[in-house]
Amino acid sequence: MTIVVDKSDDRVRAMFGEIAPKYDRMNHLLSMQTDRWWRWWTVRKLGPQIKGPVLDVCTGTGDLALAFSRYLRGTHSVVAADFCREMLEIGEIKRKRRQDSSVHFVQADTQRLPFPDATFDLVTVAFGLRNVADTDLGLREMARVCRPGGRMAVLEFTLPRFAPLRVAYTWYFRNILPRIGQALARNSSAAYDYLPSSVGEFPQYEELVARMHHAGWREVTFTPLTFGVATLYVGVR
């Protein structure tokens, strides 16, 4: 029997609001700091071609948005959007600590972005697209607010394709990681059971590329990172 993960807006918003204070620390711990490298690599790959403002949706506490802002050094503004207020509050603390006036945090749902058409040169999402209730609507909204010829980037967890590694990693991901996560970041939302379930259910590799094409993106490519534990998808509007 297939179990469908509950990705309703209210459930996801409440879950991330509850774990917000420990979110960054748990990301770094459970990935053994590799999440920092994934973001660094994404910024270095996309940064040299940026010609206008950047939008990072499902930004959480803003790590990717802040990384782009550091790279751009004030040449273009970066908007960091998320529908979870608690996450944005932590992102705003980080922005002030770094005295970064180029990043602007906005409470907004990726399925209903409050921006005019063709506003941004680059639209990104890191480890958040799988949490959007309607993936296709989220991809279409990202396309709508991106200028023609602009780009998008989706950085997301995936399962390795190499069979022996996939089996071992999937076992760890489903049996060990949730226990560590729940023990260190106790919460009533089962957030670290949700993580492997949402990754396993989410379209990956060629399947997500097809969804992106259908939503209005072209020339979509993907690059597996760290043996396929994460993957960066890049498309053109």
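Helices (H or I, at least four residues) and strands (E, at least two) are DSSP runs, numbered from the N terminus. The structure described here is a predicted model, in which local features need pLDDT of at least 70 and side-chain atom pairs count only at pLDDT 80 or more, while totals for chains, interfaces and linings use all residues. Residues are numbered from 1 along each chain as its sequence is written, and side-chain values use heavy atoms, with hydrogens and water left out.

With a relative accessible area of 45%, Leu-29 is partly exposed, a class that lies between buried (under 20% relative accessible area) and exposed (over 50%), with a 1.4 Å probe and protein chains only. Together with Ile-180 and Leu-184, Leu-29 makes a nonpolar surface patch of about 240 Å². Patches are made of residues with over 30% relative accessible area and no salt bridge, where like charges are joined within 9 Å and nonpolar side chains (Val, Leu, Ile, Met, Phe, Trp, Tyr) within 5 Å; the accessible areas come from the Shrake-Rupley method with a 1.4 Å probe, and for residues only the protein chains shown count as cover.

Beyond helix H1, the loop between H1 and H2 holds Gln-33, which has a positive phi of about 70° although it is not a glycine. Most residues other than glycine have a negative phi. Gln-33 is partly exposed, at 41% relative accessibility. A positive phi, near 65°, is also found in Phe-227, a residue other than glycine; Phe-227 sits in the loop between strand S6 (218–225) and strand S7 (230–236), and its relative accessible area of 71% makes it exposed.

Helix H2 (residues 34–46) is the place of Arg-44, which counts as partly exposed at 39% relative accessibility.

Side chains of opposite charge can pair when their charged atoms come close. The structure holds 16 salt bridges, each being a side-chain nitrogen of Lys or Arg within 4 Å of a carboxyl oxygen of Asp or Glu. One of them joins Asp-9 to Arg-112, with the closest N and O atoms 3.5 Å apart. This pair links distant parts of the chain, 103 residues apart, since Asp-9 is in helix H1 and Arg-112 is in the loop between strand S3 (103–107) and strand S4 (120–126). Asp-9 and Arg-112 also belong, with Asp-109, to a network of salt bridges.

Arg-85, partly exposed with a relative accessible area of 43%, forms a salt bridge with Glu-89, the closest N and O atoms being 2.7 Å apart. Because they are 4 residues apart in helix H4 (residues 85–97), Arg-85 and Glu-89 are separated by about one helical turn. Glu-89 is partly exposed at 39% relative accessibility. Arg-85 also forms a salt bridge with Glu-86, at 3.5 Å between the closest N and O atoms.

Finally, Thr-135 lies in helix H5 (residues 135–144) and counts as buried, at 6% relative accessibility. Leaving aside neighbours within four places in sequence, Thr-135 is in contact (heavy atoms within 4.5 Å) with Lys-7, Leu-129, Phe-202 and Arg-211.
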